[in-house]
Amino acid sequence: MEGWDKTTKSTLTQIPLLTTKAGPRDGAAWTQRLKEEYKALIAYTSMNKANDNDWFRISAANPEGTRWTGKCWYIHNLLKYEFDLQFDIPVTYPATAPELELPQLDGKTHKMYRGGKICLTVHFKPLWAKNCPRFGIAHALCLGLAPWLAAEIPILVDSGMIKHKDDVASSSES
Amino acid sequence: MEAELKEMLNDLENLKRSLPDPSLHSSIDELQLRVQHLTDLAKSAPVRRSKVKDMSAEVVDSNPYSRLMALQRMGIVANYERIREFSVAIVGIGGVGSVAAEMLTRCGVGRLLLYDYDKVELANMNRLFFRPEQVGMTKTDAAVQTLSDINPDVVLEAINLMNSPNGVGSELDLSYTLNITTVEGFETFMCSLKNKTFRPEKEGNGVDLVLSCVDNYEARMVVNQACNELNQTWMESGVSEDAVSGHIQLLIPGETACFACVPPLVVASGVDERTLKREGVCAASLPTTMGVVAGLLVQNTLKYLLKFGHVSRYLGYNALKDYFPTMEMKPNPQCPNAACLERQKEYILAKPAREAEAKAKMEAEALPTTETPLHADNEWNISVVDDSLPEGSSSQSSDTLPQGLVHELPAAEEYKHASTVEQPASSADDLDELRRQLEALNAV
């Protein structure tokens, strides 16, 4: 965990760890895992709200809990930039992490794979591998997506690749 | 077109005869030569060869298999024509997979199953196989187009694994649009490997070998999962992001380490890692490294299928130092993959039968040779020493790697069943109740 900022570290320690090693094809064990995922997400979301650092919404898009959709946002220069967030739970979960997708940013940055999957190779995947099966969706958002947004959104805004929704609206009106 | 060109040649000939000035003859000769050249080109316009029923060893220019069947005459392969019975699945038709598919097609393999979800792009042109005019086609369609021209005898099945918005595969023409890492995509992938319509009498699955030519860890883990569950032998291949190293690996469920038994092995670059630049996800690639790895992969495939030579368990390639490390990996009895553990159990149970078979084979081979001393006297006490290593010593345990190989990811740390601090807020243990709690938080 060297190289991570103090806030991320302390946040991480407060997200409950998961214990059930099960993927979406494991029947009852997966239901158990899903409960643990919810508990971790509830704890993480409450914590963010309490610390005035609310930055995502995520819910299961199907009853099996294998597909998740929602939103995430990032504040840069006092402006809020919001993006759709989606991912599938892979069949080999939790041995492999979910591949987090921001489809609206597909093709706008080279720190991304096809389909808008964010690149997590260097900073996140070794940590996930080391902590299998204790890390879940909440940890992937905290250690994967949050640092990615913090690193990439300012660059994308400053280079003009993404525009704030108010700017887009006003420029199309004029 | 041929007739028109012939007429043009005649016209030129007539013109030459009717011209009184011989100084113009040389330029007419030149024109005639050019028309002649065009006629030759027109004759060589693409013609598709017809299918061949039996592989012939006859040495004639028109036999597409004469050089392959010669492997039998040279004593390398006992029965080359068996290749037509084999089905090979290639997952990922990129820089390595497409070249591997072409090699197997040219070798006359029976059936190829091709899986990919990507399209051909101009950025792929630094690698082999795909052509600029195929840009925009799916890689599977483009591959089928080229491969069926090269060898119409090969049965080609393209399965286009594209990411669809909801991850559910919808059937488009003959190809599927899904991602093998999703639950639905995985089921389709498994079904396609089990399908035995090509050779119904075959034992086990519908394919003889799966070649993984994908470019990411997640997809490799999915191929590993499917092959462990189906007890299907497969080969893994990979080229590093910096394009200067690669590897191939043979995985026999239960017998060798599976892809999840130990963290994936990669060939160290051999240069100071800190000097390597890693920015973004745009991986470097070279047609040379990809071609070498595809060649190693298909060579191992041919040896495995046609039973000749030594089939490598792991072969690395370091392009900067021209170093080829090899090793063997035993399965991990604590492998996190449940299907791998089942296969390991089966392999151990089958040990007596395997040994009996090996013994019978050895005895059968030893019988005809009656031992007589080769030389009556041995003045210098020369003796022949067996230089083969005792069995087992060549296979390494996973934590002692040969020089030049490193793990790509760390192993999962031992999980301590420490007192799980139960959160008072999350004491609810009903899935619907938990879902409602999260939705309530989301609504605020």
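A residue counts as buried when its relative accessible area is under 20%. The exercises below apply this and a few other cut-offs to a predicted model.

**Exercise 1. Classify W128(A) and F135(A) as buried or exposed.**

Step 1. The relative accessibility of W128(A) is 3%. This falls under the 20% limit, so W128(A) is buried.

Step 2. F135(A) has a relative accessible area of 5% and is therefore buried.

Step 3. Y93(A) belongs to the buried class as well.

**Exercise 2. Describe the ring geometry of the pairs that W128(A) forms with Y93(A) and with F135(A).**

Step 1. A pair of aromatic rings is described by the distance of the centres and the angle of the planes. Over all chains, the count is 13 aromatic pairs.

Step 2. For Y93(A) and W128(A), the ring centres are 6.0 Å apart and the planes stand at 45°, so the pair is tilted.

Step 3. Y93(A) sits in the loop between β3 (79–88) and β4 (112–113) of chain A, while W128(A) is in helix α3 (residues 125–130) of chain A; the pair therefore ties together parts that are 35 residues apart in sequence.

Step 4. For W128(A) and F135(A), the centres are 6.5 Å apart and the planes make an angle of 65°. Planes over 60 degrees apart count as edge-to-face, so this pair is edge-to-face.

Step 5. Ring pairs join W128(A), Y93(A) and F135(A) with W30(A) and F124(A) in a cluster.

**Exercise 3. Determine how many residues chain B and chain A each put into their contact, and what area they bury.**

Step 1. Chain B contributes 49 residues and chain A contributes 47 residues.

Step 2. The size of an interface is often given as the accessible area lost when the parts come together. Here chain B and chain A bury about 4200 Å² between them, with 59% of it on carbon and sulfur atoms.

**Exercise 4. Count the salt bridges and polar contacts between chain B and chain A, and state which helix of chain B gives the most residues to the side that touches chain A.**

Step 1. There are 3 salt bridges between the two chains. One of them joins E218(B) to K125(A), with the closest N and O atoms 2.8 Å apart.

Step 2. On the side of chain B that touches chain A, α6 (183–194), α7 (217–230) and α11 (431–443) each supply at least two residues. α11(B) gives the most, with 8 residues.

Step 3. By residue type, this side of chain B comprises 23 nonpolar, 12 polar and 14 charged residues.

Methods. Residues numbered from 1 in each chain as written. Chains lettered and ligands numbered in written order. Predicted model: local features only at pLDDT ≥ 70, side-chain atom pairs only at ≥ 80, totals over all residues. Heavy atoms only, no water. Contact = heavy atoms within 4.5 Å. Buried area = accessible area lost by both parts, 1.4 Å probe. Salt bridge = Lys/Arg side-chain N within 4 Å of Asp/Glu carboxyl O. Polar contact = N/O pair within 3.5 Å; in protein donor to acceptor, adjacent residues only side chain to side chain. Helix = DSSP H or I, 4+ residues; strand = E, 2+ residues; numbered from the N terminus. Nonpolar A, V, L, I, M, F, W, Y, C, P; charged D, E, K, R; others polar. Phe/Tyr/Trp six-rings, centres within 6.5 Å; stacked < 30°, edge-to-face > 60°. Buried < 20%, exposed > 50% of the residue type's maximum accessible area, 1.4 Å probe, protein only.
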